[in-house]
4 protein chains.
Amino acid sequence: MNSRFIFSWKTLQRTWSDWRGSDGLPGISPDLPEEERDTVTKLLNECVAARHGAVTARQHAAGIGELYLTLNATGRRHFLEILADQFAVDQDQVREVSHRLAHSDDDETFRQQVLELREALISPRQQLLQQFNALPQGVKFLIDMRAELLGFLHDSPNLKRLDYDLQQLLATWFDVGFLRVKQLDWQSPAALLEKLMAYEAVHAISSWRDMRHRLEWDRQCYAFFHPVLPGEPLIFIEVALVKGLASSIQSLLDDQREDIDPQQADTAIFYSISNAQTGLKGISFGPFLIKKVVDSLSHSLPNLKTFSTLSPIPGFRRWLEKRLADNGSAHDKDSFATVLAEAAQLLDVEPTLAHVIDDPRWLENSEVCDLLKEPLLTLCARYLHERRERDSAPLDPVARFHLGNGARIEQLNWLGDVSSKGMRESCGLMINYLYALDDIKDNIEAYSQEKQIAAAPRIRKLISEHEPKLGPLSGLRKWGNRKGKGSA
Amino acid sequence: MNSRFIFSWKTLQRTWSDWRGSDGLPGISPDLPEEERDTVTKLLNECVAARHGAVTARQHAAGIGELYLTLNATGRRHFLEILADQFAVDQDQVREVSHRLAHSDDDETFRQQVLELREALISPRQQLLQQFNALPQGVKFLIDMRAELLGFLHDSPNLKRLDYDLQQLLATWFDVGFLRVKQLDWQSPAALLEKLMAYEAVHAISSWRDMRHRLEWDRQCYAFFHPVLPGEPLIFIEVALVKGLASSIQSLLDDQREDIDPQQADTAIFYSISNAQTGLKGISFGPFLIKKVVDSLSHSLPNLKTFSTLSPIPGFRRWLEKRLADNGSAHDKDSFATVLAEAAQLLDVEPTLAHVIDDPRWLENSEVCDLLKEPLLTLCARYLHERRERDSAPLDPVARFHLGNGARIEQLNWLGDVSSKGMRESCGLMINYLYALDDIKDNIEAYSQEKQIAAAPRIRKLISEHEPKLGPLSGLRKWGNRKGKGSA
Amino acid sequence: MNSRFIFSWKTLQRTWSDWRGSDGLPGISPDLPEEERDTVTKLLNECVAARHGAVTARQHAAGIGELYLTLNATGRRHFLEILADQFAVDQDQVREVSHRLAHSDDDETFRQQVLELREALISPRQQLLQQFNALPQGVKFLIDMRAELLGFLHDSPNLKRLDYDLQQLLATWFDVGFLRVKQLDWQSPAALLEKLMAYEAVHAISSWRDMRHRLEWDRQCYAFFHPVLPGEPLIFIEVALVKGLASSIQSLLDDQREDIDPQQADTAIFYSISNAQTGLKGISFGPFLIKKVVDSLSHSLPNLKTFSTLSPIPGFRRWLEKRLADNGSAHDKDSFATVLAEAAQLLDVEPTLAHVIDDPRWLENSEVCDLLKEPLLTLCARYLHERRERDSAPLDPVARFHLGNGARIEQLNWLGDVSSKGMRESCGLMINYLYALDDIKDNIEAYSQEKQIAAAPRIRKLISEHEPKLGPLSGLRKWGNRKGKGSA
Amino acid sequence: MNSRFIFSWKTLQRTWSDWRGSDGLPGISPDLPEEERDTVTKLLNECVAARHGAVTARQHAAGIGELYLTLNATGRRHFLEILADQFAVDQDQVREVSHRLAHSDDDETFRQQVLELREALISPRQQLLQQFNALPQGVKFLIDMRAELLGFLHDSPNLKRLDYDLQQLLATWFDVGFLRVKQLDWQSPAALLEKLMAYEAVHAISSWRDMRHRLEWDRQCYAFFHPVLPGEPLIFIEVALVKGLASSIQSLLDDQREDIDPQQADTAIFYSISNAQTGLKGISFGPFLIKKVVDSLSHSLPNLKTFSTLSPIPGFRRWLEKRLADNGSAHDKDSFATVLAEAAQLLDVEPTLAHVIDDPRWLENSEVCDLLKEPLLTLCARYLHERRERDSAPLDPVARFHLGNGARIEQLNWLGDVSSKGMRESCGLMINYLYALDDIKDNIEAYSQEKQIAAAPRIRKLISEHEPKLGPLSGLRKWGNRKGKGSA
């Protein structure tokens with residue numbers, strides 16, 4: 001029914017049916033019609049009442065889980081709504097204790113009431129959900145149930161309350177202190193690699209052959225695991241060992257490339273980071289994984305000097321199109337609109353970004369390439385420095401992630417990703433974020449306190465020279481006549 | 001300095017010193033004099049301020065842990081007092097939010113304020129302590145720190161506040177759902193068996209030879225482990241496979257006994273359950289371990305029909321002496337005082353329990369044995385049914401544990417433990433609590449709801465016949481003339 | 001260069017280059033021309049001279065292995081010929097010792113000379129090859145080298161001498177006593193499953209999806225491993241858990257079939273056994289693997305009552321065509337030739353086996369099917385009882401294998417394998433060999449002593465009724481009018 | 001009955017009884033009287049007749065093993081004699097084939113007869129013994145049976161023939177290429193460490209505390225294992241990580257010593273190598289283990305610069321006493337006899353080596369120490385250069401071992417082992433053999449070809465200066481007046 005569940009629902013149902021013991025399960029229709037919801041509420045109440053960890057509690061939980069698995073999407077939504085609406089904290093009790101606490105006089109009373117209040121603030125549904133960790137695959141069940149819940153949120157905003165409790169619970173359990181990083185390779189279980197193939201979110205793994213290719217001796221893959229889910233990666237990162245900064249994802253993943261001896265490599269390129277569990281949304285693992293992987297690589301391959309990403313710039317083209325729309329009037333001779341019009345003329349298409357960039361011919365037209373290269377690189381550098389209004393963090397989500405972890409913007413790569421996705425998102429540009437071991441700590445501090453963006457001198461120069469003088473889309477032609485290497 | 005720590009403090013300090021990184025550690029005197037406490041407070045504040053799980057947070061935590069390890073007992077107490085006194089929740093903030101919440105009007109506001117209040121109720125020290133789980137051996141450090149804290153509680157009751165937070169944190173992490181049961185045997189790591197020898201709390205393991213003896217093929221040992229502490233048993237249980245109920249611990253542990261083929265055994269005797277971690281006091285594992293072990297044994301040895309303990313009765317003699325002191329006047333001919341006096345006369349000692357029972361000669365004097373046997377067995381049955389005032393649970397702590405888990409009182413064993421500890425605690429008596437698989441669930445319910453004590457018919461009869469008719473220490477002679485087997 | 005080698009030759013060369021140490025490797029051309037062969041002979045002699053297991057011996061071996069890997073097919077053949085021609089036992093010495101031994105008088109002298117002779121009979125190349133077991137992947141190297149050698153045998157029959165020594169050496173190392181059986185499943189390393197896919201010899205595994213399908217919960221796979229080659233299966237067997245004897249391989253492998261709970265299955269079908277290492281040809285593992293798998297399954301799934309194969313009959317059609325060619329005159333009305341002619345007429349093709357059987361239409365023509373069924377089943381039963389001249393063992397190699405292991409012929413399956421391979425080899429028939437635990441020992445004895453073929457009564461009856469009365473290809477029509485189930 | 005067996009004989013008998021299956025075992029008396037030996041012969045013949053690896057072969061072997069275990073020492077000797085006397089190669093057949101081979105004309109016939117002869121030279125008992133490797137613990141059984149056999153050799157020299165076959169078989173199986181080196185530490189199974197304690201042959205491990213002490217972080221222990229005997233060390237080596245060459249075993253093993261950080265150590269001292277399996281006598285593992293351990297240590301602790309032993313000199317005192325007896329007349333003033341007489345006078349004992357050296361007072365008498373030191377060191381250097389007549393290898397067995405492995409004599413240590421064993425064997429001297437990575441290969445070559453002894457310049461000088469000029473026990477006083485450090 002739901003391919004997300006680690007076992008087929010049949011297997012999980014069977015297992016839980018064994019755990020449930022001899023108590024019968026009430027007959028419930030798959031879409032959980034209104035008249036049957038009281039039965040479910042009763043079952044849930046019984047589970048809440050049982051002592052955590054006790055045999056009976058686990059039996060109740062197994063029954064509830066089994067029941068959930070028999071429901072269809074409609075039924076599951078109703079089920080979750082019951083949890084959201086009827087198993088919240090007791091308002092009267094919380095108000096009463098809060099009132100007393102707000103007016104407590106002495107320290108000792110205050111402390112007693114803090115304990116009392118903490119107790120009162122644990123909702124019945126939190127107690128109930130906690131029971132599932134004692135079931136086989138119970139934690140994975142909660143993760144997948146939350147993934148389903150997130151899908152229902154749009155239609156049932158009330159479920160937000162349940163989601164909050166569920167996220168809290170999972171965040172406690174998936175504390176990074178408990179996670180273990182493991183290297184995956186071609187000796188890893190097939191079942192595990194199959195999951196990587198399904199979960200990879202940045203550059204799709206097209207086949208087992210492609211999977212194997214990403215685990216060759218000059219490629220590495222690391223994932224975080226939680227001890228209770230030994231077969232489920234939480235997040236994973238793919239690394240290429242190369243000489244010099246990699247500037248093109250297509251070259252990096254080319255299966256005809258010459259492989260190199262890892263001991264000879266001087267650079268580790270992190271070219272893909274994917275969260276594997278939708279149901280753990282909002283719980284952050286990425287920074288810790290990067291740190292652990294850098295540590296592990298520095299130790300095992302002492303010749304590595306440079307740790308860098310090769311990353312997408314997912315919002316660049318959308319930003320640029322918006323700017324063009326807002327700023328159509330800036331038709332001086334150096335403006336991007338003029339440049340774009342020239343390019344369109346050479347290709348004999350309409351003068352819009354879409355008509356030019358989505359036309360594969362432009363890549364083979366060196367005149368168009370020369371025309372567009374510097375303006376696009378400069379605009380991209382500007383985009384990366386563009387801030388959100390509410391917290392002045394960078395607009396680009398990938399930039400926020402890496403800058404927040406202490407990396408700096410190192411290099412922009414012209415035609416770094418010529419796939420249709422690359423064109424659609426960033427006009428073919430890619431970026432390297434550099435993790436310089438000695439600067440990470442300072443970068444984190446400067447970013448977290450003043451949202452200061454660390455960047456290589458060349459990038460900073462690009463910005464500093466032009467930003468003050470020009471409107472966002474004009475004056476770009478200055479660099480147009482500088483031929484040269486494919487990156488900034 | 002403190003043998004409790006899993007590594008020598010030297011090793012742990014070295015490890016953490018590596019983790020701390022290049023930041024210097026301030027020079028602090030071992031007993032943490034008043035003038036240096038501000039420095040410590042400052043360090044603690046910096047750690048609280050760091051983002052959980054971040055590299056800097058771990059560096060701060062490592063530094064703090066390292067510092068703690070350099071302190072002596074006095075210094076550690078001061079350190080813990082700083083945490084207890086200065087890192088509590090912000091009273092003003094909590095009062096303010098509580099006040100708002102108590103007067104919130106609509107549901108939506110209420111829910112927002114619940115979230116806000118939950119946040120406010122997390123104390124800074126909870127945040128700080130949580131950082132330790134990302135350090136190597138950090139969780140074990142907190143467990144051992146709490147063990148030390150418990151030792152300071154008598155002199156520094158304020159530490160109770162810190163203890164509460166610490167226990168909460170550990171209880172979350174050591175949720176039984178995350179624990180794994182493992183069987184230990186002579187193939188287990190020597191380091192692990194060495195710990196069993198140190199932690200065994202019921203019948204001391206006298207030597208490696210004795211340890212080995214308890215892991216022979218007709219003996220089994222199971223322990224609970226947490227994934228982050230793979231080498232540290234949390235609780236362990238020792239089992240003997242025998243034919244028929246075992247009634248004497250000395251026979252059971254006799255290393256000259258004939259061993260039997262486990263496949264032939266019909267009874268599993270749980271003769272020792274020990275908590276291994278003082279610092280996890282108040283977090284219960286025992287019932288779940290017994291359940292898992294019974295499951296595992298039933299599965300692997302299908303011929304086992306009976307699962308029972310052979311347990312001490314730790315409070316019996318103390319209870320009996322108090323009764324004798326309170327009730328000295330009951331000198332009718334069947335009273336225990338009279339019986340005791342006769343026994344004393346035969347041994348030519350003063351007529352007190354201490355003079356008779358602590359005199360090893362009585363065990364070899366069959367006349368004295370005959371005289372004391374039935375009265376003591378009957379009194380013990382009564383003791384086991386005696387209740388605490390506040391919750392009407394049984395007085396005996398071991399009885400509370402097993403009855404609460406669904407066992408029943410099966411048999412009282414005359415001269416079941418003739419060691420000096422056995423004499424000192426229970427006049428040599430031992431007891432079997434029986435785990436009858438079909439009754440466990442009902443027993444748990446009956447006990448938890450009405451504190452009903454399950455007992456074998458013979459034990460119930462013993463009580464029902466005599467309790468109504470007689471004062472607690474009289475009328476006991478009636479059974480004195482019944483010769484017979486050594487148990488009731 | 002040679003995909004057979006477990007590592008790419010590049011990786012293995014690199015590893016061995018490290019092991020070789022600082023001694024240079026002479027420059028040798030890939031096809032090892034005549035003028036460079038003395039250099040190789042010299043290297044080989046140095047390796048023979050080194051003490052087995054010593055560091056220098058391993059260095060020499062690593063150098064020789066590295067050199068072999070740089071050769072092309074021609075060069076390798078020359079290399080092996082050098083070993084075959086120049087590193088045999090010393091004929092003069094052997095003759096001399098033999099002569100002395102043949103004429104030795106007393107027991108003591110005889111025994112001394114036996115030792116001397118044994119020593120003399122160890123060829124230098126045996127000593128040399130033995131050095132390889134101390135190299136990483138050295139044993140696998142020898143296996144793969146032998147696989148190449150087997151390919152050269154046709155052109156260089158002299159290599160047979162080397163092959164004999166190599167086989168002896170490998171047979172000693174791969175003694176079944178040292179092998180371990182392991183169950184493989186979807187949790188097994190991808191690298192291992194990839195090898196199964198490559199090595200499967202009976203029913204090709206078409207894709208990773210197909211592989212996964214064969215490892216579902218009602219499918220099992222077992223392989224033998226040697227401790228020094230943990231990642232290399234030597235032989236493996238695929239098992240399907242079903243209800244009742246499976247009669248069609250297509251149904252068995254259908255990925256739309258309903259899976260069943262293994263606990264409910266009553267029959268284990270061994271549907272594929274493949275040797276994985278060409279280089280271990282002539283060293284038998286199959287019988288021991290079947291025995292171990294039957295033991296393991298009986299233990300873990302006590303409801304299994306029947307253990308049987310579903311096997312091909314690889315030589316049936318070839319045998320039948322030869323019989324037809326030899327026996328074309330037997331055109332009485334019940335002869336197979338007449339039957340075949342009728343079938344051909346119905347299909348409007350020429351009256352040959354090839355024209356009828358290789359025409360896919362016949363399968364959908366029920367008239368043709370009815371016509372052919374019984375005659376083919378009967379002829380197949382006869383084929384299975386046909387003997388080789390030299391040792392009176394059955395003609396069919398699969399029959400020899402299973403009958404020699406104590407199985408009996410249980411059932412012939414009409415249209416058991418309708419793949420083109422099935423048609424080409426056995427006119428679509430398959431067979432079940434049954435392993436009846438109680439009869440295996442007696443069957444082995446009867447077969448090994450008198451080549452007695454065990455068969456189910458129905459099969460025996462089929463033969464006994466008709467064999468004496470009729471020529472091999474006549475009188476078959478008698479059963480043609482019996483409609484019925486698809487097997488005999 | 002025999003503590004050598006890994007399982008109690010009871011357990012092993014039970015296991016094998018299961019494997020034997022339903023066939024009864026004949027009743028045999030424990031001392032295997034003459035009239036019952038035919039029964040045993042018959043059983044052995046049946047086992048020989050069975051096909052290797054087949055189920056029936058294993059059943060026979062299990063029965064025979066079980067029977068052996070029921071025998072007492074006398075019975076076992078008789079059992080082994082049956083194997084030695086009646087299961088040898090067939091003399092007539094061997095003579096006949098040898099004769100033919102000696103007179104074969106052409107190459108092809110010769111090669112055929114070589115194969116035939118090899119076959120004929122495999123004795124029935126070799127075939128029989130080989131069956132045991134398919135039994136659980138069967139290989140260990142053969143090892144322990146050989147250990148018993150070695151004990152019987154003195155009384156039954158005929159058993160030598162059986163021993164030869166058994167050693168051949170074990171040597172094939174325990175080829176060093178198949179062995180794995182593993183590091184043992186306090187996390188190793190208690191059962192394994194218990195064996196180390198039992199097997200340690202150089203410096204006895206007195207208790208579990210002592211065992212643990214030898215596994216501290218600046219101590220290491222490595223052992224060789226065979227894959228089929230995962231719990232049985234074959235040979236093990238103990239290493240101490242120190243600064244500078246260790247010169248005293250008592251200081252090295254002192255449990256009050258200051259431990260050092262292994263990363264700071266510059267020297268690895270191999271202070272004990274013990275063979276663990278008597279039954280593998282004559283099969284050499286030591287050199288390979290040392291090589292592997294040096295490799296492993298160099299890799300994991302790059303600061304280690306020096307790899308050296310601290311070894312006993314087991315034959316020095318015996319040699320010296322013989323020299324004194326032979327050479328009593330050399331009573332010039334520099335002769336050792338004169339020196340010894342002076343020392344005896346100071347201690348007021350008779351002037352014999354025994355009276356002086358075995359008197360513990362001499363160690364505290366600095367005058368005696370000064371007197372004896374240089375003469376003894378010089379004599380010891382001479383002893384180490386003394387050769388055996390037959391092969392001119394060094395007289396000292398430990399010297400032969402290490403020099404043959406490529407080490408050199410580095411330093412002689414005055415009072416290096418002051419235990420009574422040290423005094424009894426070598427007058428308290430110890431020696432360091434140095435493994436200098438760059439010289440090992442040359443040393444091995446020089447030693448194996450010319451028995452050249454590698455030694456540090458100081459040692460060489462000691463010898464070269466004095467050997468030519470002086471008789472073995474005279475002229476030693478020259479060094480007597482040189483005070484100085486405790487080693488040469």
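How many residues does the contact take from chain A and from chain B? It takes 32 residues from chain A and 32 residues from chain B. Keep in mind that this is a predicted model.

Let's stay with that contact. Which helices of chain A supply at least two residues each to the side that touches chain B? They are helix 3 (55-70), helix 5 (91-102), helix 6 (107-120), helix 9 (159-173) and helix 13 (286-300). Helix 5 of chain A gives the most, with seven residues. Now the classes. On the side of chain A that touches chain B, 17 residues are nonpolar, eight are polar and seven are charged.

Next, symmetry. Rotate chain A by 179°, with 0.0 Å of shift along the axis, and it superposes on chain B with an RMSD of 0.1 Å. The two copies are thus related as by a two-fold rotation axis. Which residue of chain A comes closest to that axis? Ser98(A) does, with its C-alpha at 2.3 Å. And the surfaces match. Of the interface residues of chain A, 100% are also interface residues in chain B, so the copies meet through the same surface.

A word on how chain A is divided. Domain 1 covers 9-88 + 123-173, domain 2 covers 177-309, and domain 3 covers 316-479. Taken over C-alpha atoms, the centres of domain 1 and domain 3 of chain A are 47 Å apart.

Now the contact between chains D and C. Chain D gives 32 residues and chain C gives 32 residues. On the chain D side, two or more residues each come from helix 3 (55-70), helix 5 (91-102), helix 6 (107-120), helix 9 (159-173) and helix 13. Helix 5 of chain D gives the most to the side that touches chain C, with seven residues. That side of chain D divides into 17 nonpolar, eight polar and seven charged residues.

On to the sheet in chain D. Seven strands form an open sheet, in the order 1-2-3-4-5-7-6, with mixed pairing. Why is one side of strand 1 and of strand 6 left without a neighbour in the sheet? Strand 1 (180-184) and strand 6 (408-413) of chain D stand at the edges, each with a single partner strand, so one side of each has no neighbour there. From one strand to the next, the twist averages 30°.

Look inside that sheet. Strand 2 (residues 219-225) and strand 3 (residues 235-242) of chain D run antiparallel, joined by six bridges. Arg219(D) stands opposite Ala240(D) in strand 3 of chain D. Then find helix 13 (residues 286-300) of chain D. Helix 13 lies across strands including strand 4 (267-275), strand 5 (306-309) and strand 7 (430-435) of chain D. Its angle to strand 3 of chain D is about 35°.

Last stop, strand 3 of chain C, residues 235-242. Is it mostly covered or uncovered? Mostly covered: eight of its eight residues are buried. In a regular strand, side chains alternate between the two faces of the sheet. Here, Ile235(C), Ile237(C), Val239(C) and Leu241(C) point one way. Phe236(C), Glu238(C), Ala240(C) and Val242(C) point the other way, and all are buried.

What about its partners? Strand 2 (residues 219-225) of chain C pairs with strand 3 of chain C in the antiparallel sense, over six bridges. Tyr222(C) has Ile237(C) as its bridge partner in strand 3. Strand 4 (residues 267-275) of chain C also runs antiparallel to strand 3 of chain C, and eight bridges join them. There, Ala240(C) is bridged to Ile269(C) in strand 4 of chain C.

Methods
Residues numbered from 1 in each chain as written. Chains lettered and ligands numbered in written order. Predicted model: local features only at pLDDT ≥ 70, side-chain atom pairs only at ≥ 80, totals over all residues. Pairing = 2+ DSSP bridges. Helix = DSSP H or I, 4+ residues; strand = E, 2+ residues; numbered from the N terminus. Axes fitted to C-alpha atoms, helices over the stretch in contact; angles between N-to-C directions. Contact = placed C-beta atoms within 7 Å. Nonpolar A, V, L, I, M, F, W, Y, C, P; charged D, E, K, R; others polar. Least-squares fit on C-alpha atoms with pLDDT ≥ 70 in both. Domains from an automatic or database assignment. Buried ≥ 20, exposed ≤ 12 C-beta atoms within 10 Å, placed from the backbone.
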